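Q: I have this chain open and want to go through it with you. Can we start with the core?
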Amino acid sequence: MMEVCLDLSHEAPCYSPIDELKKLVFGGIVDCHGHAVTENTSTQAQYDKRGKKDLELDDIWVEIGKVRKEALATLVRRLNYSITRRRAMGICAWQTYVDVGPDIDLDALNVCIEAKRLWRRYGFILKIAVYPTLALKNTAMDALLREACRRQEVDSIGFLPSRERQRGVVKDPAVFAEMERAFEIAAEFGKGVDMQVDQKNHPEEKETFYLANIAARYRDMGYKKPICATHCLSMSAWNDDQLISYTLTMMAESNVSMIVCPRATLDNLQIREVLAPTHNSIAPWTLALKAKVNVAVGIDNVRDLYMPWCDGDIWKDVSVLVHSARYHGSIEKIADMLTINGKKALGL
Ligand SMILES: [Zn+2]
């Protein structure tokens, strides 16, 4: 008769690639995208409001403006919590967008700069991407962003170009004009550029293509700072395969990193009325790797108005990432995405 005993070992009794991966990368993981100012600010009232009427991304932007101002009061405590939690998961560096705008001035930036200095002493790197809350065609916003960029601790300009388009218009020239303005300021102050592009899951959204074009032009002019294309998920909905490979080649040649935030992009609605190839709501990251694009990973929204269900566990993101592509390839390749590719993307 077989003896039965309680086995308390924590080793999985089967092959677990994610456990192998954890052993390889723990302590050296780079989280390339987040929003520290509003991370861990979700409330039941917000949740109930969204439950009654789901909001379009455009509407959420208005709501997040209200949250942002109130969030300042708890930012120090939440930021320390966010970083402590990341360290416990083996993350050593985090790039966060930090909102600056007429509504909150540089208050959040000042807190993040202090945190950056403090945590640097304990070996944790906080990369700051200043995030204008209004369009740069607004002269007050332009002036404030320039003031923020004078701070040595600011690493990049973080940007959401699609915020400027008219509702229902996927290709609005205002988006590209804003992208150009952001690059001009970044080049003037010697900062990197990180843009959240192609996040509507729409085949006509081509922001990654435009970003790659601008990047190529700036590289030709001698601009050497990091350029990141974050999200890029509409690229998976594009009908033209040649345009996908052309864009990825241009990204590789111009050293534009692709930042994939797996769970955050799953949050997109399926646009039933628009025809597109079968695709997941995530960037075509395996194609990007094949094209020699530097692909890295970010967690993005954590327990905020956008994603109250997201607990910020990077291993759940990794799980979604690999499953989205039915990945059975080299574990080292995923380890690289989480570590050295992230470092390269952030210029570390
Ligand atoms: Zn984001």
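Q: Which residues of the largest nonpolar core touch the most other members?
A: This is a predicted model. In it, Val-98, Val-130, Met-258 and Val-260 touch the most other members of the largest nonpolar core, which has 85 residues.

Q: And which strand gives the largest share of this core?
A: Strand β2, residues 91-100, with seven residues. As background, nonpolar side chains tend to be buried together in soluble globular proteins.

Q: Switching topic: where is Pro-102 found?
A: Pro-102 is in the loop between β2 and α5, the latter being residues 107-120.

Q: Buried, exposed or partly exposed?
A: Partly exposed, because Pro-102 has 13 other C-beta atoms within 10 Å.

Q: What does Pro-102 touch, not counting residues up to four places away in sequence?
A: Leu-134, Ala-140, Met-141 and Leu-144.

Q: How far apart are Pro-102 and Asp-317 in space?
A: Their C-alpha atoms are 34 Å apart, and the two residues are separated by 215 residues in sequence.

Q: Now helix α8. What span should its 14 residues have, and what do the end C-alpha atoms give?
A: Helix α8 covers residues 207-220 and should span 20 Å at 1.5 Å a residue. Its end C-alpha atoms are 20 Å apart, so the two agree.

Q: Which residues of α8 are buried?
A: Glu-207, Thr-208, Phe-209, Leu-211, Ala-212 and Ala-215.

Q: What do the buried residues of α8 pack against?
A: They pack against helices α7 (173-189) and α9 (241-253), and also against strands β5 (192-197), β6 (227-231) and β7 (256-260).

Q: Which residue with a positive phi follows α8?
A: Gly-222, with phi near 100°.

Q: Last topic, the whole chain. How many helices and strands?
A: The protein chain has 14 helices and eight strands. Its radius of gyration is 20 Å, close to the 20 Å that the globule rule gives for 348 residues, so the chain is as compact as a globular protein of that length.

Q: What box do the C-alpha atoms fill, and how much of the chain is buried?
A: The box is roughly 80 × 50 × 45 Å along the principal axes. Of the 348 residues, 43% count as buried.

Terms used. Residues are numbered from 1 along each chain as its sequence is written. This is a predicted model: local features need pLDDT of at least 70, side-chain atom pairs count only at pLDDT 80 or more; totals for chains, interfaces and linings use all residues. Helices (H or I, at least four residues) and strands (E, at least two) are DSSP runs, numbered from the N terminus. The expected span of a helix is 1.5 Å times one less than its number of residues. A residue is buried if 20 or more other C-beta atoms lie within 10 Å of its own, exposed if 12 or fewer, and partly exposed in between; C-beta atoms are placed from the backbone. Two residues are in contact if their C-beta atoms, placed from the backbone, lie within 7 Å. A nonpolar core is a set of buried Ala, Val, Leu, Ile, Met, Phe, Trp, Tyr and Cys residues joined through C-beta atoms within 7 Å. The radius of gyration is taken over C-alpha atoms; the globule rule is 2.2 Å times the number of residues to the power 0.38.
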